[in-house]
Structure formats: structure tokens, C-alpha cells
Amino acid sequence: MRKCVATGEMFPKKELIRVVRSKEGEVSIDLTGKKSGRGAYVSKNPEAILLAKKKNVFKHHLEADVDESIYDELLEMVKKETKVEG
């Protein structure tokens, strides 16, 4: 179980998306969940991602500047996944 940084809810690891900061300070989305670096998890829920963007939670958790494109990319991924399941 992992905690969503936006909502504070606990979810199985598979229901979350990991965002990671490398040693070089580069922030990226980690689809494998195995990249080395400091990670933070967000729920595969558009509301949670929008809340994370509003609060800029990844900046706090990863201790790095996070480009807005990361949040946009997360939203796109979740929307595509929702369409596939629905």
C-alpha cells in the first residue's frame, strides 16, 4: 500500500502512478515503478491529479521544481486509461 500525495488516501501500488526525481534533479513519470530516485505517488484519478497540480505537491515531496507538463501528462494518461476500461 502507498499513499496518494494529493488526497492522503492509501491504495495498492498498482492503482497509483509514481513520479520520480533523479539524482540530477530531473522529474519524470515512472511507469515501471522501478526507476531510482525519490518517488511520490498519485492516484489514477483526474481529481487527485488536479488537486496535486493546484497544491504543487510534487515540488514539496520531491524537493524539486516540477514542470506543469508533468501534471498535464498525468492527466492525459489517466483519461486514456479510463476510456480503455470504460
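**Sheet, core and single residues**

Visitor: In which sense do S3 and S5 pair, and over how many bridges?

Guide: S3 and S5 pair in the antiparallel sense, over six bridges. Two strands count as paired if DSSP finds at least two bridges between them. Helices (H or I, at least four residues) and strands (E, at least two) are DSSP runs, numbered from the N terminus.

Visitor: What sort of model is this, and how are residues numbered?

Guide: This is a predicted model, in which local features need pLDDT of at least 70, side-chain atom pairs count only at pLDDT 80 or more, and totals for chains, interfaces and linings use all residues. Residues are numbered from 1 along each chain as its sequence is written, and side-chain values use heavy atoms, with hydrogens and water left out.

Visitor: Back to the sheet. What order do the strands take?

Guide: The order is S4-S3-S5, in an open sheet of three strands with antiparallel pairing. Strands S4 (27–30) and S5 (38–43) are at the edges with a single partner strand each, so one side of each has no neighbour in the sheet. From one strand to the next, the twist averages 30 degrees. The axes behind that angle are lines fitted to C-alpha atoms, for helices over the stretch in contact, and angles run from 0 to 180 degrees between N-to-C directions.

Visitor: And S3 with S4, how many bridges there?

Guide: Four bridges, with S3 (residues 16–21) and S4 antiparallel. S3 and S4 form a hairpin with five residues between them, and Gly25 in the turn has a positive phi of about 95 degrees.

Visitor: Which residue stands opposite Val20? And what stands opposite Ile17?

Guide: Val20 faces Ser28 in S4. Ile17 has Val42 in S5 opposite. Arg18 has Asp30 in S4 as its bridge partner.

Visitor: How many residues of S3 are buried?

Guide: Six of six, so the strand is mostly covered. Buried means under 20% relative accessible area, exposed over 50% and partly exposed in between (1.4 Å probe, protein chains only).

Visitor: Which residues are on which side of S3?

Guide: Leu16, Arg18 and Val20 are on one side, with Ile17, Val19 and Arg21 on the other, and all are buried. In a regular strand, side chains alternate between the two faces of the sheet.

Visitor: Which residues touch the most other members of the largest nonpolar core?

Guide: Cys4, Val19, Val27, Val42, Phe58, Ile70 and Leu74, out of 25 residues in that core. Such a core is a set of buried Ala, Val, Leu, Ile, Met, Phe, Trp, Tyr and Cys residues joined through side-chain atoms within 4.5 Å. The elements giving two or more residues are S3, S4, S5, helix H1 (46–55), helix H2 (57–62) and H3. H3 supplies the largest share, five residues.

Visitor: Asp30, buried or exposed?

Guide: Buried, at 2% relative accessibility. Asp30 is in strand S4 and, neighbours within four places in sequence aside, is in contact with Arg18, Val20 and Lys35.

Visitor: Where does Ala64 lie?

Guide: In the loop between H2 and H3. Ala64 is buried, with a relative accessible area of 12%. Besides Gly25, the contacts of Ala64 include Arg21, Val27 and Phe58.

Visitor: And where is the place of Ser69?

Guide: Ser69 is in helix H3 (residues 68–85). Ser69 is partly exposed, with a relative accessible area of 37%.

Visitor: Now the whole chain. What pattern does the protein chain follow?

Guide: Along the sequence, β-β-β-β-β-α-α-α. The radius of gyration is 12 Å, close to the 12 Å that the globule rule gives for 86 residues, so the chain is as compact as a globular protein of that length. That radius is taken over C-alpha atoms, and the rule is 2.2 Å times the number of residues to the power 0.38.

Key: Contact means heavy atoms within 4.5 Å.
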